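Welcome, and thanks for taking a look at this one. Please have the sequence and the 3D view open side by side as you read.

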Amino acid sequence: VRLQASGGGLVQAGGYLRLSCVASGRFVSINYMGWYRQVPGKQRELVALITDSGSEDYADSVKGRFIVSRDNAGNTVSLQMNSLKPEDTAVYYCNVRGIVVIGMPSRDYWGHGTLVTVSS
């Protein structure tokens, strides 16, 4: 399984970016797909996730500004980031929790990270 993220970059405060992550390989089942972010010296934190049933969860700091979504095929997760703030600057990682081998437990899979920089 490989997760390939794209869409990071530099944007001014108030602008928008869209991140996408494609999961290649075959999942038996997926619990959820989502995005985390990390800044130097801090722990990686959840930004948003969407479950297999379509339920969404967001960090309080991004509620009302970010939207997480999945495609119908279920192998792409996207993050629409609106009204970006300088404090959103971070490396963003896509995450999938699921099963790739029948009988094995769910585990987390991570993308390589994509840098989002928001200038003031």
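Here is a short briefing, grouped by topic.

This is a predicted model, and the chain averages a pLDDT of 95. Its secondary structure comes to 11 strands and 0 helices.

**Confidence**
- In the chain, 100% of the residues reach a pLDDT of at least 70.
- Among the elements, strand 2 (residues 9–12) has the highest confidence, with a mean of 98.
- Strand 1 (residues 2–6) has the lowest, at a mean of 94.

**Fold and dimensions**
- Reading from the N terminus, the order of elements is β-β-β-β-β-β-β-β-β-β-β.
- The C-alpha trace spans about 50 × 25 × 20 Å along its principal axes.
- The radius of gyration of the chain is 14 Å, which agrees with the value near 14 Å that a compact globule of 120 residues would have.

**Packing and contacts**
- Of the 120 residues in the chain, 40% are buried, where buried means under 20% relative accessible area.
- If you take the contacts with a separation of 6 or more, 55% of them join residues 24 or more positions apart.

- The chain has an accessible surface of about 6500 Å².
- Carbon and sulfur atoms account for 50% of that accessible surface.

Note on methods:
Residues numbered from 1 in each chain as written. Predicted model: local features only at pLDDT ≥ 70, side-chain atom pairs only at ≥ 80, totals over all residues. Heavy atoms only, no water. Helix = DSSP H or I, 4+ residues; strand = E, 2+ residues; numbered from the N terminus. Rg over C-alpha atoms; globule rule 2.2 N^0.38 Å. Buried < 20%, exposed > 50% of the residue type's maximum accessible area, 1.4 Å probe, protein only. Contact = heavy atoms within 4.5 Å. Areas by Shrake-Rupley, 256 points an atom, 1.4 Å probe, with all protein chains shown as cover. pLDDT = per-residue confidence, 0-100.
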